[in-house]
Amino acid sequence: MTRDRLADTLEEIALLLELKGENPFKIRAYRTGSETVRLFSGDIVKLATDGELKGIKGIGDALQQKLHELASTGKLEYYENLRSEFPETLFDLFKIQGLGPKKIKALYDSLNVDSTAKLKEVAESGEMAALSGFGKKTAEKILEAIAFRESNADRFRLGDVAEPVQMILESLRSHPDCLRAEAAGSYRRAKETVHDIDFLVATSKPTAIIEHFTDQEWVEKIIAKGDTKASVYLAKGLQCDLRAVSNDEFACALAYFTGSKEHNVAMRGRALARGYTLNEYRLAPKEGSDKGAPPIFENEAQLYSFLGLEFVPPEMRENTGEIEAAEEGDLPDLIELENLRGTFHNHTNASDGRNTLEEMADAAIDLGMQYLGIADHSKSSFQANGLDATRVRDQIVAIAELNARYQEEGSRFRIFAGNEVDILKDGSLDFDDELLAELDYTVVSVHNAMTLPEAQMTERIIKAVSNKHVTMLGHVTGRLLLQREPYAVDVPAVIEACAETGTIIELNCNPWRLDMDWRWWKLAKEKGVKCSINPDAHGTAQLEYLWFGAKLARKGWLTRDDVVNTMDLDAIEEFLGLDPIN
DNA sequence: GCCGTTTTCGGCCCGACTGTTTTCAGTCG
């Protein structure tokens with residue numbers, strides 16, 4: 001049993017109850033329960049198994065009992081019964097943008113729509129448009145949304161696969177015949193979404209490793225199984241491939257399976273120019289070449305070095321100039337997770353976070369941070385219980401009090417009082433300058449009117465960052481990976497404006513967003529725009545999203561100096577123009 | 001279904017946007 005499984009089940013119950021037209025507050029209770037499970041800091045699975053969930057806000061008697069049943073037996077009767085009332089494939093429809101429970105129910109009841117395929121059929125045939133409450137435009141929008149889903153159907157967010165990858169790696173490494181194991185492919189390169197996961201093991205007994213890999217409880221289906229290679233499906237259709245190679249082949253194999261394809265082509269070209277051929281197992285003298293056999297490479301760095309290159313970190317291997325830079329010895333010294341000293345843009349239960357100010361701060365201290373920026377939502381974000389001016393001022397006081405307490409305790413830690421202020425439709429901000437001036441810093445973000453034309457959206461954001469009180473711009477494009485396209489915005493123009501106004505751009509490292517996209521950071525850096533790696537944490541556990549942030553910043557070629565939250569407390573206080581706390 | 005408490009049941013998050021209608025329902029943030 002996993003935390004995800006518990007949370008997913010509650011979420012699916014909420015969907016099923018919506019289909020049945022149940023009391024919306026009951027539905028919300030399940031959804032809140034699901035979120036609570038997902039964000040709980042502690043071993044929620046063990047507590048559920050042991051029936052010790054009492055006292056957790058958001059999980060009352062009914063949910064405690066259901067979670068206990070599910071965790072201890074692996075099944076939940078209430079859920080199975082609900083589920084049996086609707087066809088399995090109906091769930092896919094919830095992932096189509098623009099389709100909610102009411103429309104799904106109407107389509108199911110009147111046109112027997114129970115799958116994406118059937119949905120597409122009735123949208124194209126005109127049957128849908130003829131239905132009361134639907135029309136031509138609705139059918140068109142749904143077809144567009146289906147196309148978006150289909151083009152991403154077999155992809156997964158980096159954040160969705162990180163846990164299973166670590167679990168499988170641990171399992172592989174625990175096998176006595178495993179000498180080394182790594183996850184390669186786009187996962188290792190930290191692509192924001194991945195198609196499958198490639199594992200690589202060094203061993204002298206490949207069949208034993210293959211047996212072990214395919215024999216795990218989390219394997220849903222074995223696709224292929226040979227002497228040195230196997231492919232399996234995990235739950236939700238995530239494909240995992242395993243290659244077993246000898247220890248001597250491991251370095252070349254790791255480089256080969258890490259890719260990217262384009263990076264490998266360039267590497268092979270370099271090898272050829274030096275009289276060698278490079279494949280997934282080894283570097284060898286080209287036919288007819290007078291070169292002797294190259295040495296055994298113990299690691300990738302030796303391979304790169306042999307080809308006259310600095311070691312290229314996996315995140316950079318996209319053939320966007322890294323080979324040339326490595327040749328010149330010009331690779332940037334990429335930022336490391338350990339360089340981060342604090343972070344901005346985090347929420348508390350004052351708006352839509354799960355944890356209190358104090359819990360968030362304590363969690364940040366536990367992670368070894370020197371400061372934590374709190375940026376709850378502003379008043380226009382009703383859905384998120386955004387703060388009005390009075391509540392913001394109350395929060396500033398609460399933060400000062402808590403800071404004072406940390407001081408008394410001798411803790412070198414500071415909470416910065418900020419806010420994630422909504423950028424309104426016309427580019428003005430949700431709070432007046434007087435209030436903004438009272439804050440330690442300000443994040444500004446777009447949360448509504450996301451369908452504006454590009455020119456208007458760009459102008460809106462530029463106007464917002466031009467306010468002198470604005471410290472940083474939050475999630476630049478508003479994308480939700482695999483779910484929602486970025487809004488139309490001229491990113492280079494925004495970068496230009498941020499450069500002119502000295503506005504920091506956020507790398508929002510919530511794995512649903514990873515926004516601004518890594519492809520833009522080189523340009524931002526060129527223009528002198530600084531980055532802040534922010535988890536957009538809505539609970540203590542989500543502070544660990546910084547792991548993704550460091551990866552994606554590396555993918556954007558960023559160094560420690562490019563990222564403001566690598567500064568220690570003294571430096572960041574000065575940078576923000578604040579008086580030192582002590 | 002949860003919470004808080006006037007300890008037993010009433011209240012629970014609100015508004016913009018879109019497309020469908022012609023005054024509003026559904027979806028989204």
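This is a predicted model: local features need pLDDT of at least 70, side-chain atom pairs count only at pLDDT 80 or more; totals for chains, interfaces and linings use all residues.
**Domains and the surface near DNA**

For chain A, the domain assignment gives four entries: domain 1 (3-151), domain 2 (156-247), domain 3 (261-328) and domain 4 (337-575). Between the C-alpha centres of domain 1 and domain 2 the distance is 30 Å.

DNA strand B is surrounded by 35 residues, and the closest of these are Phe 25, Gly 60, Gly 100, Lys 103 and Gly 135. By class, this surface comprises 15 polar, 10 nonpolar and 10 charged residues. The most is given by H8, with 4 residues.

Another helix, H5 (residues 77-84), contains Tyr 78. Tyr 78 counts as partly exposed because it has 14 C-beta neighbours inside 10 Å. Tyr 78 and Tyr 233 are separated by 155 residues in sequence, and their C-alpha atoms lie 28 Å apart in space.

**The mixed sheet**

An open sheet with mixed pairing is formed by 5 strands in the order S2-S4-S7-S6-S5. Its edges are strand S2 (180-183) and strand S5 (221-225); each has a single partner strand, so one side of each lacks a neighbour in the sheet. On average, neighbouring strands of this sheet are turned by 15 degrees against each other, direction ignored.

Strand S4 (residues 196-202) runs parallel to S7, and 7 bridges join the two. Within this pairing, Asp 196 has Gln 239 of S7 as its bridge partner, and Ile 197 stands opposite Cys 240 in S7. Strand S6 (residues 229-233) pairs with S7 in the antiparallel sense over 5 bridges, and there Ala 230 has Leu 242 of S7 as its bridge partner. The hairpin of S6 and S7 has 5 residues between the strands, and in this hairpin Lys 236 takes a positive phi near 65 degrees.

S7 is largely enclosed by the rest of the structure, because 5 of its 7 residues are buried. Helix H11 (residues 206-214) lies across S4, S5, S6 and S7 and runs at about 165 degrees to S7. Helix H12 lies across S2, S4 and S7 and runs at about 175 degrees to S4.

**The parallel sheet**

A second open sheet has 5 strands with parallel pairing, in the order S13-S14-S15-S16-S17. Strand S13 (420-422) and strand S17 (531-534) are its edge strands, each pairing on one side only. S13 pairs with strand S14 (residues 443-445) in the parallel sense over 3 bridges. In that pair, Val 444 of S14 is the bridge partner of Val 421. Helix H22 (residues 546-555) lies across strand S16 (504-508) and S17, and runs at about 145 degrees to S17.

**Backbone features in loops**

Most residues other than glycine have a negative phi, and most peptide bonds are trans.

| Site | Feature | Value |
|---|---|---|
| Gly 259 to Ser 260 | cis peptide bond | omega near -5 degrees |
| Asp 515 to Met 516 | cis peptide bond | omega near 15 degrees |
| Ala 190 | positive phi | about 60 degrees |
| His 345 | positive phi | about 60 degrees |

Ser 260 is in the loop between helix H12 (250-258) and helix H13 (261-273). Met 516 has its place in the loop between S16 and helix H21 (521-526).

Ala 190 is located in the loop between helix H10 (185-188) and strand S3 (193-194). Since 21 C-beta neighbours lie inside 10 Å, Ala 190 counts as buried. His 345 lies in the loop between strand S10 (342-343) and helix H16 (357-366). His 345 is also buried, with 28 other C-beta atoms within 10 Å. The cut-off applied to both residues is 20 or more other C-beta atoms within 10 Å.

Methods. Residues are numbered from 1 along each chain as its sequence is written. Chains are lettered from A and ligands numbered from 1 in the order in which they are written. A residue is near a molecule or strand if its C-beta atom, placed from the backbone, lies within 6 Å of it. Ala, Val, Leu, Ile, Met, Phe, Trp, Tyr, Cys and Pro count as nonpolar, Asp, Glu, Lys and Arg as charged, and the others, Gly among them, as polar. Two strands pair if DSSP finds at least two bridges between them. Two residues are in contact if their C-beta atoms, placed from the backbone, lie within 7 Å. Axes are lines fitted to C-alpha atoms, for helices over the stretch in contact, and angles run from 0 to 180 degrees between N-to-C directions. A residue is buried if 20 or more other C-beta atoms lie within 10 Å of its own, exposed if 12 or fewer, and partly exposed in between; C-beta atoms are placed from the backbone. Domain bounds come from an automatic or database domain assignment.
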